[in-house]
Amino acid sequence: CKSIEYPQDLPTASVVIVFKNERWSPVLRTVYSVLNRSLKHLLKEVILVDDQSDIEEMGQRLDDYCEEYFGDFVRILRAPARLGLIKAKNYGARNATGDVVVFLDAHCEANAGWLEPLLLRIKEKRSAILCPGIDMISDQDMADGGTGDGSVGGFWWSLHFNWIPIPARIRNAKKNKS
């Protein structure tokens with residue numbers, strides 16, 4: 001991906017991150033990775049949607065921190081009632097001001113050059129729906145675990161998370177790895 005040259009006129013992105021009782025450090029690590037590893041002219045804003053968390057540090061302390069260190073660039077929306085993941089994402093999207101809305105988990109890490117391939121594909125085809133390959137943070141030791149290249153996240157019927165291999169016919173149909 002580093003060798004690909006992207007046009008300067010890509011659409012801007014609003015990154016929406018929903019959390020419910022996530023801890024301070026993974027949420028802020030996600031925010032910092034997005035801010036530090038996104039081209040400034042492409043990143044319009046980061047929106048944190050709090051879906052009725054009751055962890056004290058994710059209340060006023062988070063508001064104060066974001067205001068001090070990020071100003072208006074990182075906005076926190078507090079859901080008026082418990083919405084659930086999909087409605088909370090929609091709540092964030094309705095408040096987004098970028099050309100494109102990107103949804104990220106509250107406990108992931110964006111890597112260098114993560115945003116450009118997504119925005120280029122959307123510029124080429126506005127109806128495209130994409131899934132970024134984002135590095136995962138270990139819940140055991142906070143280490144960067146890399147991406148599940150060649151697989152996507154999914155759930156068993158029991159709702160346990162699992163990596164599911166992308167079928168070869170789909171992998172082979174890609175124009176390039178990005």
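A: In a predicted model such as this one, a helix is a DSSP run of H or I at least four residues long, while a strand is a run of E at least two residues long, both numbered from the N terminus.

Q: In which helix is Y69 found?
A: Y69 belongs to helix α2, which covers residues 60–70. With a relative accessibility of 48%, Y69 counts as partly exposed, because that class lies between the buried limit of under 20% and the exposed limit of over 50%. Y69 and E109 are 40 residues apart along the chain, and their C-alpha atoms are separated by 19 Å.

Q: How many helices and strands are there in the protein, and what pattern does the protein follow along the sequence?
A: The protein contains five helices and eight strands, and reading along the sequence gives the order β-α-β-α-β-α-β-β-α-β-β-β-α. The radius of gyration is 17 Å, close to the 16 Å that the globule rule gives for 178 residues, so the protein is as compact as a globular protein of that length. Along its principal axes, the C-alpha trace spans about 45 × 40 × 30 Å.

Q: Where is the place of T30, and which residues does T30 touch?
A: T30 sits in helix α1, which runs over residues 24–36, and T30 counts as buried at 1% relative accessibility. Leaving aside residues up to four places away in sequence, T30 touches I17, D105, A106, H107 and C108. One of these, C108, is itself buried, with a relative accessible area of 3%.

Q: How many disulfides does a search of the whole structure find?
A: The general idea is that a disulfide is a covalent bond between the sulfur atoms of two cysteines. In this structure, a search of the whole model finds zero disulfides.

Q: What is the phi of N21, and what is the phi of Q52?
A: Phi of N21 is near 60°, a positive value in a residue other than glycine, and phi of Q52 is likewise positive, near 70°, again in a residue other than glycine. N21 lies in the loop between β1 (13–19) and α1, while Q52 lies in the loop between β2 (43–50) and α2. N21 is partly exposed, with a relative accessible area of 30%, and Q52 counts as partly exposed at 36%.

Q: How many positive and negative side chains does the protein have, and how far apart are the centres of the two sets?
A: The protein has 23 positive and 24 negative side chains, and the centres of these two sets lie 9 Å apart.

Methods:
Residues are numbered from 1 along each chain as its sequence is written. This is a predicted model: local features need pLDDT of at least 70, side-chain atom pairs count only at pLDDT 80 or more; totals for chains, interfaces and linings use all residues. Side-chain values use heavy atoms; hydrogens and water are left out. A disulfide is a pair of cysteine sulfur atoms within 2.5 Å. Buried means under 20% relative accessible area, exposed over 50%, partly exposed in between (1.4 Å probe, protein chains only). The radius of gyration is taken over C-alpha atoms; the globule rule is 2.2 Å times the number of residues to the power 0.38. Lys and Arg count as positive and Asp and Glu as negative; His and the chain ends are not counted. The place of a charge is taken as NZ of Lys, CZ of Arg, CG of Asp or CD of Glu. Contact means heavy atoms within 4.5 Å.
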